[in-house]
Amino acid sequence: MPGLPSAVAPPADLVAEPLTASQASEAVGAVLRQILDERLRHCRSVDPVFAQELATRLAALVERGGKRLRTAFAHCGWRAAGGSGDATAVLRTGAALELLQACALVHDDVMDGSVRRRGGAALHVDLARAHWAAGMRGSAEDFGTSAAVLAGDLALAWADDLLTETALGTPHGRHLHEEWRVMRTEMVAGQYRDLHAEAARSSDVDEALAIATLKSALYTVARPLALGASLAGADAYVVEALRAAGRCAGLAFQLRDDLLGAFGDPARTGKPADDDLRSRKLTYLLAVAVRLADATDDHLAAATLAPDADPGSGHAVRRVRAALERTGARKLVEAKIEELAETGLGHFERAGAHPAVRREFAALVERATGVAAHRTEEVA
C-alpha cells in the first residue's frame, strides 16, 4: 500500500530487555508518532486541505494521549501467554488500539454533545470554531459534527490498516484479526445499546451492566489481553482465562469511570463532570440509585432520578449527586468495583502467568480502577 509503513520498530533500547506494561504504554507513543507521520504524509498526497484541516487535528488528538491502558493490557496478555523478545508486533497492536480509541472518543463526543476531551476542545467543537473563524457558509455546528464523524471514520481506517499490516506479519495473524473483528462489533453494539437505553429512558440495572460490558469492559481490557495473548500463540484455555479476567477488570474500570463522570474533578479527568448527569445517561450508578430509591420509598430521590426529570441546571445536577449519595448507590458501586477487581485478579492467575506478570496486571488494575490488590499472597 503506497505511502503506508510496512513496519514501525519500537525504540532500540526497549527491545533488548523485556518491556514492562508501563514501559509499553510509554513506548507506544513513539510508535504512534511514526505511524501518524506516515499517515499524514499520505493524506497530504491525497489532498492538502483535508490533511491540514481534518487529519492533522485527528493526529493531534491521538498524540494528546490518554492513559494508554489498552496498550498496557495487550502487552500484559502477551507476556502472560509466554511472549518475550521483540515487542514490535505488540506495540503496533497497541497503536492500533489507540487509534480505535480515538475513533470511539470522537464519535462518542458527537453523540453525547461533550465539549471537552483530553484537556482540550472536543474535535467537533474545534472544527465548528474553525468554520466560524474562517467565515464559512452554513451552520458551524453542523459542519463540526459532520467533519468529526469523518475524522472518527479516518481513525478507524488507520486502526484497521495498522492491525491488518501487523496481522499479516505474524504467524498468529488469523487469531489476532479474529479478536479484533469481534471487538469492533462489540463496540458498535455497546454504543447502540447506550443510545437505545437513553431513548427508551431505561433505568434497568442489567441493561446498564450489559452496556458497560459491551461498550467498555470488553474493548478496554478483555480484548486487548486476548489480542496480546494471540500474538504469543496462546491456547484456548489461556485466552479464555484472560478474557474472563478482562471482563471483570474492565467492568470495574467502567464503573470507576461512571463515578468520575458524576463526582470527578474536570481538571484531573480532562472532561466535564456533569455530562452524564445532565443527559441522564444510563450507568450502573444511576440504575442502582433508582432501584435503591424505589426499594426504600425515597420518593424525593426517585423523582430526582426519574427518566423525565430535567437535570439541566447546575442546581438540578447537584440534586442528582445528592440522590446518588443519599440512596447509598455511590458506596454500593465502590464495593462492586472492589469485588470485580479482585475477581479479575483470580481469573488472571488461572492463565498461569509468571508472578512478575501477575504483579504487573495487579498494578494495571489498580491504576484503572483505584483498587489496590488484596491478593498479596498470590501476586507478591
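# Close-ups of side-chain packing and pairing

**View 1. Arg330 meets Phe263.** Arg330 holds its charged end over the ring of Phe263, 4.0 Å from the ring centre. A charge counts as sitting over a ring if NZ of Lys or CZ of Arg is within 6 Å of the ring centre and within 35 degrees of the ring normal. A word on the model: it is predicted, so local features need pLDDT of at least 70 and side-chain atom pairs count only at pLDDT 80 or more, while totals for chains, interfaces and linings use all residues. Residues are numbered from 1 along each chain as its sequence is written, and side-chain values use heavy atoms, with hydrogens and water left out.

**View 2. The largest nonpolar core.** This core has 62 residues, and those with the most contacts inside it are Leu225, Leu242, Tyr284, Leu305, Leu324, Phe348 and Phe361. Here a nonpolar core is a set of buried Ala, Val, Leu, Ile, Met, Phe, Trp, Tyr and Cys residues joined through side-chain atoms within 4.5 Å. Among the elements giving two or more residues to this core are α3 (69–80), α8 (205–231), α9 (236–263), α15 (329–350) and α16 (355–369). Helix α9 gives the largest share, 13 residues. (Helices are DSSP runs of H or I, at least four residues, and strands are runs of E, at least two, numbered from the N terminus.)

**View 3. Around Leu305.** Leaving out residues up to four places away in sequence, Leu305 touches Arg280, Leu286, Ala289, Val290, Val320, Ala323 and Leu324. Contact means heavy atoms within 4.5 Å. Elsewhere, a second, separate core of 42 residues includes Ala24, Ala27, Leu58 and Leu154.

**View 4. Three linked rings.** Ring pairs join Phe73, Phe348 and Phe361 into a cluster. Rings of Phe, Tyr and Trp (its six-membered ring) pair if their centres lie within 6.5 Å; planes under 30 degrees apart count as stacked, over 60 as edge-to-face and the rest as tilted. The structure holds two such aromatic pairs. Phe73 and Phe361 are edge-to-face, 6.0 Å centre to centre with 65 degrees between the planes. That pair links distant parts of the chain, with Phe73 in helix α3 and Phe361 in helix α16, 288 residues apart. Phe73 has a relative accessible area of 0%, so it's buried. Buried means under 20% relative accessible area, exposed over 50% and partly exposed in between (1.4 Å probe, protein chains only). Phe361 is buried at 0% too. The other pair, Phe348 and Phe361, is stacked, at 4.1 Å centre to centre and 5 degrees between the planes.

View 5. Side chains of opposite charge can pair when their charged atoms come close. A salt bridge is a side-chain nitrogen of Lys or Arg within 4 Å of a carboxyl oxygen of Asp or Glu, and the whole structure has 21 of them. One joins the side chains of Glu186 and Arg223 (2.7 Å, N to O). Glu186 lies in helix α7 (residues 173–200) and Arg223 in helix α8, so the bridge ties together parts that are 37 residues apart in sequence. Glu186 is buried at 12% relative accessibility, and Arg223 is buried at 11%. Glu207 forms another salt bridge with Arg193, with the closest N and O atoms 3.5 Å apart.
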